[in-house]
Amino acid sequence: MSSTGWFETVAEAQRRAEKRLPRSVYKALLAGSERGLTYEDNIAAFSELGFAPHVAGGPAERSLATSVMGVDLALPVIISPTGVQAVHPEGEVAVARAAAARGTAIGLSSFGSSSIEDVVAANPNTFFQIYWSGGRDTIEQRFERARAAGAKGVIATLDWTFSHGRDWGSPTIPEALTPRAMMSFAPEVIRKPRWLLDFVRSGALPDLTTPNMGAPGQKGPTFFGAYGEWMTTPPPSWEDIAWMREAWGGPFMLKGICRVDDARRAVDAGVTAISVSTHGGNNLDGIPGAIRMLPGIAEAVGDEVEVVFDSGIRRGGDVVKALALGARAVMIGRAYLWGLAANGQAGVENVLDILSGGISSALLGLGKASVHDLTPDDVLVPEGFTRTLGAVPA
Ligand SMILES: Cc1cc2nc3c(=O)[nH]c(=O)nc-3n(C[C@H](O)[C@H](O)[C@H](O)COP(=O)(O)O)c2cc1C
């Protein structure tokens with residue numbers, strides 16, 4: 001490892017994260033579900049796409065700047081919300097600072113371990129992510145708090161099936177870090193002294209509560225307390241989604257769209273943006289890799305809403321492929337989590353630098369001056385690659 005902790009690819013950040021993190025924490029980040037079909041296809045599908053390069057006649061400078069939900073971004077990459085605890089003592093605040101340092105926005109998970117107030121203080125370009133949990137009154141309260149904190153938009157995530165089995169094994173997550181729970185984790189933690197040392201130096205143990213899920217004026221519930229509320233809330237209707245959008249009253253993204261008919265309903269509900277996403281393969285196993293579903297959805301609603309993409313992004317070239325196939329920007333999950341685990345805030349900045357360097361190289365190879373100039377012509381899409389789900393016949 002270099003003395004600064006710098007790494008050259010996201011794959012290397014993942015290797016370092018695996019070395020540094022206790023097994024259970026690493027597995028919580030790896031996540032996935034069931035057989036891992038969707039998790040694997042999210043990444044593998046990008047390898048099936050090629051580029052159609054030019055060798056001369058390109059511009060001298062390249063622009064990566066864009067905007068999503070009214071927020072200006074220096075690069076078309078946003079931090080996707082991840083409800084992961086115990087990766088690093090500074091958690092989402094370190095991620096928010098890194099995103100601010102590189103000119104981009106962060107989505108803060110409602111299951112995150114940092115408060116919305118602390119995250120907005122670290123990066124004013126924060127979107128608050130919310131699940132349909134607890135019903136309208138509770139959601140209204142959470143919106144009020146996010147609004148007061150200064151969140152620039154809301155990301156409503158709906159794609160979750162509460163499946164918890166994985167063929168490669170699930171992490172053990174304690175309800176709270178009681179002395180007894182700590183004893184049971186001692187064998188895996190003792191082998192990862194640098195992870196432990198980071199927490200010891202920060203003066204706090206991993207916090208397994210969800211500060212953004214608490215009632216006004218109260219401490220947040222434990223992760224499992226919050227999960228229980230969510231599990232027992234009946235799923236929302238499309239009217240509920242239209243209500244949510246109205247109740248928030250500002251920029252609003254619906255995350256987890258896989259089908260053209262759902263994308264259309266999202267447009268009808270008045271959303272600002274959708275994210276074509278498989279929740280990184282953590283949701284229903286067997287959904288096609290997300291990039292396969294992007295072209296059909298972008299073609300159907302790309303002129304009516306901002307189409308964002310996530311699931312499987314590991315390099316700048318992946319970002320360019322998604323943009324060429326109709327996304328305005330992408331969101332990243334594991335890529336920055338590996339960076340955070342490997343080297344804290346600097347590790348997340350490192351990941352964003354890897355992606356912006358890769359985007360710039362791909363633009364150079366394709367002879368494009370700006371991310372806005374990318375079109376499907378820049379990408380070689382093999383026959384049978386795309387999967388258009390729920391297309392409404394003309
Ligand atoms: C460990 C983990 C936790 C996640 N938690 C949340 C969450 O709380 N809310 C949410 O909207 N998405 C969550 N996601 C999904 C991400 O926002 C994003 O959709 C996904 O990670 C993108 O795929 P990628 O990891 O391949 O980039 C989580 C993903 C991971 C890997």
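## The ligand shell and a helix that contributes to it

Analyst: The shell around the ligand is made up of nine nonpolar, 14 polar and three charged residues (nonpolar: Ala, Val, Leu, Ile, Met, Phe, Trp, Tyr, Cys and Pro; charged: Asp, Glu, Lys and Arg; polar: the others, Gly among them). The model is predicted, and local features need pLDDT of at least 70, side-chain atom pairs count only at pLDDT 80 or more, while totals for chains, interfaces and linings use all residues. Residue numbers start from 1 along each chain as its sequence is written.

Of the 26 residues around the ligand, those that come nearest are Ser 80, Gly 83, Thr 157, Gly 280 and Gly 333 (near: C-beta atom, placed from the backbone, within 6 Å). Two helices, H2 (23-30) and H14, each supply at least two residues of this shell. Helices are DSSP runs of H or I with at least four residues, strands are runs of E with at least two, and both are numbered from the N terminus.

H14 covers residues 334-366, and helix H4 (residues 91-101) packs against H14 at an angle of about 20 degrees, with the axes 8 Å apart. Axes are lines fitted to C-alpha atoms over the stretch in contact, and angles run from 0 to 180 degrees between N-to-C directions. H4 and H14 are therefore roughly parallel (under 35 degrees; over 145 is roughly antiparallel, 65 to 115 roughly perpendicular, the rest oblique). On the H4 side, Ala 94, Val 95, Arg 97, Ala 98 and Ala 101 take part, and they meet Tyr 336, Leu 340, Gly 344, Gln 345, Val 348, Glu 349 and Leu 352 in H14 (contact: C-beta atoms within 7 Å). Eight nonpolar, two polar and two charged residues form this contact of H4 with H14.

H14 also packs with helix H1 (residues 10-20), at an angle of about 165 degrees and with the axes 10 Å apart. H1 and H14 are therefore roughly antiparallel. From H1, Val 10, Ala 13, Gln 14, Arg 16, Ala 17 and Arg 20 meet Ala 335, Trp 338, Gly 339, Ala 341, Ala 342, Gly 347, Val 351 and Ile 354 in H14. By class, the contact of H1 with H14 divides into nine nonpolar, three polar and two charged residues.

Ala 31 sits in the loop between H2 and helix H3 (37-48). Although Ala 31 is not a glycine, its phi is positive, about 50 degrees. Ala 31 is buried, with 20 other C-beta atoms within 10 Å (buried: 20 or more such atoms; exposed: 12 or fewer; partly exposed: in between). Phe 162 is another residue other than glycine with a positive phi, near 60 degrees. Its place is the loop between strand S7 (153-157) and helix H7 (179-190). Phe 162 counts as exposed, with 8 C-beta neighbours inside 10 Å.

Helix H13 (residues 316-324) is mostly covered, as eight of its nine residues are buried. Among the buried residues of H13 are Asp 318, Val 319, Lys 321 and Leu 323. Gly 326, with a positive phi near 120 degrees, follows H13.

One further residue is Arg 387, in the segment after strand S12 (379-380). Arg 387 is partly exposed, with 18 other C-beta atoms within 10 Å. Arg 387 and Gly 296 are 91 residues apart in sequence, yet 7.4 Å apart in space, C-alpha to C-alpha.

Conventions
Contact = placed C-beta atoms within 7 Å.
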